[in-house]
Amino acid sequence: MQPTKIWGVERKSFADMDCSVAQCLEVVGEWWSMLVVRDAFLGVTRFEDFQRRLGISRNILQDRLSTLVDAGVLVRVPYSDHPPRDDYRLTDKGRDLWPVLTAMRQWGDRYAAPAGPPVELVHKACGELAEPVLVCGSCAERVTARDYRAVAGAGRTAPVMFPRRAHQGA
């Protein structure tokens, strides 16, 4: 693992960890990264707009944007030659973060928004307020953590170390 220091706190890299959650965090686990992605989903594309909306320092924002571009979550699209300026747009890989962002928003709405959700979603097809839900990809039944159990997948390189009762949820 590669340690890095942020405000005197050591952060370790998850690059060598045999875990898809850790690999996702390697890309979007830094502070501000998912807020940049959130704003990109809301249509923000320009550095100045990200900076103004987030109130983030320019150097930290540049670092987050570069990391997201390097990881293939965002792509730079030039819009001006003089001075050189780029839009930052979500790639397919970036748009695949929608369920992650949605789950974070739903958790925040439930546990950290005492006055109610600051943003609600309207399903374009029916025009109604809607909350996305997880469904089984095989039978389309609505599911929660208690409806699954973990088994070793094809990409598993380490010995399987699942707690015996892990499939019963939290």
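User: Arg64: buried or exposed?
Analyst: Arg64 counts as buried, at 8% relative accessibility. Buried means under 20% relative accessible area, exposed means over 50%, and partly exposed is in between (1.4 Å probe, protein chains only).

User: What am I looking at, and how are things counted?
Analyst: This is a predicted model; local features need pLDDT of at least 70, side-chain atom pairs count only at pLDDT 80 or more, and totals for chains, interfaces and linings use all residues. Residues are numbered from 1 along each chain as its sequence is written, and side-chain values use heavy atoms, with hydrogens and water left out.

User: OK. What does Arg64 form a salt bridge with?
Analyst: With Asp63; their closest N and O atoms are 2.4 Å apart. A salt bridge is a side-chain nitrogen of Lys or Arg within 4 Å of a carboxyl oxygen of Asp or Glu. Asp63 is partly exposed, with a relative accessible area of 40%.

User: Which residues are linked in that network?
Analyst: Glu30, Asp63 and Arg64 are linked by salt bridges.

User: Why can such side chains pair at all?
Analyst: Side chains of opposite charge can pair when their charged atoms come close.

User: How many salt bridges does the structure hold?
Analyst: It holds 12. Asp39 takes part in one with Arg38, at 2.9 Å from N to O. Asp39 also meets Arg53, at 3.0 Å from N to O.

User: What does the Arg53 pair tie together?
Analyst: Arg53 lies in helix α3 (residues 47-54) and Asp39 in helix α2 (residues 33-41), so the pair ties together parts 14 residues apart in sequence. Helices (H or I, at least four residues) and strands (E, at least two) are DSSP runs, numbered from the N terminus.

User: Is Asp39 buried or exposed?
Analyst: Buried, at 0% relative accessibility. Arg38 is partly exposed at 31%, and Arg53 is partly exposed at 46%.

User: New topic. How many residues are in the largest nonpolar core?
Analyst: There are 21, and Val36, Phe50, Leu65 and Leu74 have the most contacts inside it. Such a core is a set of buried Ala, Val, Leu, Ile, Met, Phe, Trp, Tyr and Cys residues joined through side-chain atoms within 4.5 Å.

User: What does Leu65 touch?
Analyst: Val36, Phe47, Phe50, Leu74 and Tyr88, not counting residues up to four places away in sequence. Contact means heavy atoms within 4.5 Å.

User: And how do β3 and β4 pair?
Analyst: Strand β3 (residues 74-81) and strand β4 (residues 84-90) are antiparallel, over seven bridges. Strands pair if DSSP finds at least two bridges between them. The two form a hairpin with two residues between them. Val77 has Asp87 in β4 as its bridge partner.
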